[in-house]
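Keep the structure open beside you as you read.

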Amino acid sequence: MKRLTVSALNQSVLKALGADKSEKKTVIVSLKGNAILDEAKGQSVPEYVTTNAAKKVFADIEEKQDAFLRRLSGSKIGYSLKYRYNTIDNALAIEVEEKDVLAIKEMPEVESVVISQGYSVPKT
């Protein structure tokens, strides 16, 4: 009996839904590790961000994010960086082809991947 992997199952669901795997999607990739809010530990965030401890946390978050982006490049996953998050989440907004979302989810430093919803302003 053939055993389905999660990736193969997800790919079959996308195919059944008629998803265009080459379509670009903006995704929010949350990485493992704390954000500034997690490290403030009772201090207000505006107070905490002025401390030397916060500067180290900012540098650590930036290094983790840069390492993740290097991994994407090394994995031949094309992306466009849209935004970096560090205060309430250690995350990145990137635009990738839909076919690459599952591979990103399976990377060891990734906590979660959410496809960002975009909305158009109604014309009046």
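The protein exposes about 8,400 Å², and carbon and sulfur atoms supply 54% of that area (Shrake-Rupley method, 1.4 Å probe; for residues, only the protein chains shown count as cover). This is a predicted model, in which local features need pLDDT of at least 70 and side-chain atom pairs count only at pLDDT 80 or more, while totals for chains, interfaces and linings use all residues. Residues are numbered from 1 along each chain as its sequence is written, and side-chain values use heavy atoms, with hydrogens and water left out.

Next, the layout. There are 5 helices and 4 strands (DSSP runs numbered from the N terminus: helices are H or I with at least four residues, strands E with at least two). Starting at the N terminus, their order is α-β-α-α-α-β-β-α-β.

Now look inside. Of the 124 residues, 26% are buried, meaning under 20% relative accessible area, with exposed over 50% and partly exposed in between (1.4 Å probe, protein chains only). The largest nonpolar core has 15 residues, and Val29, Phe68, Leu72, Ile94, Ile104 and Val110 have the most contacts inside it. Strand E1 (24-31), helix H4 (52-74), strand E3 (91-97), helix H5 (101-105) and strand E4 (110-115) each supply at least two of its residues. A nonpolar core here is a set of buried Ala, Val, Leu, Ile, Met, Phe, Trp, Tyr and Cys residues joined through side-chain atoms within 4.5 Å.

Beyond its neighbours within four places in sequence, Phe68 is in contact (heavy atoms within 4.5 Å) with residues including Leu31, Leu92, Met107 and Glu109. Apart from this core lies another, of 7 residues, among them Ala40, Tyr48, Ala54 and Ile61.
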